[in-house]
Amino acid sequence: ERIRSGSPQEISQELEMQAQEAGYQLMTNMACEALCRKHARPAVMRGDLKFTDPMNGPLEWEENGDGIVELWCSLTTMGQYSGVNGVVVGCDISTGPTAKGSNSVASLYDCVTREKIAQVTVAGMPAHKFAWYVVAMCRFFKGPNGPALLNWEVDGPGQTFQNEVINELGFRPVWMRRDVEKVEADPTDKPGWKSSPTGKKLLLQNYRTALLEDRFVNRSREAIMECAEFVMTKKNTYEHSKALSTQDRNGQGDLHGDMVIADALAYLALSDMPGDAPSAEPQIPTNSIAGRRAERTQRPQAKGSSWYKPGR
């Protein structure tokens, strides 16, 4: 049967019943493994964020081996984030109101180092409750300019999430939508990312390129390997392999690409942020070679000097 098959994709589809191998993957398993060896790290700690009021109340980190938050950064001795750099957050919200539903995921990245510093992964949390948790996380990981910048997918349960974030809690800052299919398109007055076949394809391809070029560093092995589960469909867009499988009707508790979408939305928000401010002129020690050369070029030149030229 393998000899008769026309391609590796046909073997995967007709013989092995592996949907993720039957199409062209967003990233091959080999590429994902290479990225994992290069960047993936075990989480520094796991725990939960405790709060009563997500907008104004105190926030307390509680280390817990079964917590829904993984950290790849250290906290202060008081259990607080240092806040040296700004942070962006990308969210994919679950449709399932029970523990059997797919995961809701929030991915947090440092704006300067561009590496993942935290991830929230939870199943069974209603969208409005997840909105509370994410807003609290944005406050906990505030930077020099305030709370983290938040982006999310507005489709489906994202509408409930958006209503809670914008209308009920009044949280800012949030990513404002733009036409990702246009070059240098101006932001609109609509928050969050809305999916479309072309928009989703561009979103995932841009995220993949950033990963492969080390412009975006994902520390989660599970999130990186999930990229291999997205395949190109006949509609010329990427979908998760389980969503394409007619035999996967009872796999609602499994992952369905939630981490990848959250990571990609975090990258979208980060790539839209203004570039780094110009750095200050470096301070050159006066007793260094560079310092002596700089001092000599600014020194008035005497007539007897070999550097002297009339009129200078």
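I count a residue as buried under 20% relative accessible area, exposed over 50%, and partly exposed in between, with a 1.4 Å probe and protein chains only. On that basis 46% of the 312 residues of the protein are buried.

**Ground rules**

The model is predicted, so local features need pLDDT of at least 70 and side-chain atom pairs count only at pLDDT 80 or more, while totals for chains, interfaces and linings use all residues. I number residues from 1 along each chain as its sequence is written, and side-chain values use heavy atoms, with hydrogens and water left out.

**Confidence**

I looked up pLDDT, the predictor's confidence in each residue, from 0 to 100. The protein averages 83. A score of at least 70 is reached by 75% of the residues. Residues 246-255 fall below 50. That stretch still has 17 contacts in the model beyond near neighbours in sequence. I take contact as heavy atoms within 4.5 Å. Residues 276-281 also stay under 50. For them I find zero contacts beyond four places in sequence.

**Overall make-up**

I list ten helices and nine strands. These are DSSP runs, numbered from the N terminus: helices are H or I with at least four residues, strands are E with at least two. I then took contacts between residues at least 6 apart in sequence. Of these, 63% join residues at least 24 apart.

**The largest core**

I define a nonpolar core as a set of buried Ala, Val, Leu, Ile, Met, Phe, Trp, Tyr and Cys residues joined through side-chain atoms within 4.5 Å. The largest has 42 residues. V89, C91, F130, F141, L150 and F161 have the most contacts inside it. Elements that each supply at least two residues include β1 (45-50), β4 (87-92), β5 (103-110), β6 (116-123), α4 (127-140) and α5 (158-168). Helix α4 gives the most, with ten residues. A second, separate core has 34 residues, including C111, F230, I261 and L265.

**C91 and F130**

I checked C91 beyond its neighbours within four places in sequence. Its contacts include V105, F130, V134, L150, W152, F161, A262 and L265.

F130 sits in helix α4. Buried or exposed? I asked this of F130. F130 is buried, because its relative accessibility is 0%. Setting aside residues up to four places away in sequence, F130 touches C91, D92, I93, S104, V105, A106, V120, V122, M125 and F161. From F130 to E164 the C-alpha distance is 9.4 Å, across 34 residues of sequence.

**Helix α5**

Which residues of α5 are buried? I find G158, F161, Q162, E164, V165 and I166. The buried residues of α5 pack against β4, α4 and β7. G170 follows α5 and has a positive phi, near 65 degrees.

**Helix α6 against helix α9**

I looked at α6 (residues 197-212) and α9 (residues 258-271). They pack at an angle of about 80 degrees, with axes 9 Å apart.

From α6, K200, L203, L204, N206, Y207 and A210 take part. They meet V260, I261, D263, A264, L265, Y267 and L268 of α9. By class I get ten nonpolar, one polar and two charged residues. Here Ala, Val, Leu, Ile, Met, Phe, Trp, Tyr, Cys and Pro count as nonpolar, Asp, Glu, Lys and Arg as charged, and the others, Gly among them, as polar.

**Loops and backbone**

G143 lies in the loop between α4 and β7. G143 is buried, at 13% relative accessible area. Not counting residues up to four places away in sequence, G143 touches G83, N85 and G86.

I found a cis peptide bond from R172 to P173, with omega near 10 degrees. P173 is in the loop between α5 and α6.

R114 is not a glycine, yet its phi is positive, near 60 degrees. R114 belongs to the loop between β5 and β6. R114 is partly exposed, at 27% relative accessible area.

D214 likewise has a positive phi near 60 degrees and is not a glycine. I place D214 in the loop between α6 and α7 (221-225). D214 is partly exposed, at 31% relative accessible area.

Key:
Axes are lines fitted to C-alpha atoms, for helices over the stretch in contact, and angles run from 0 to 180 degrees between N-to-C directions.
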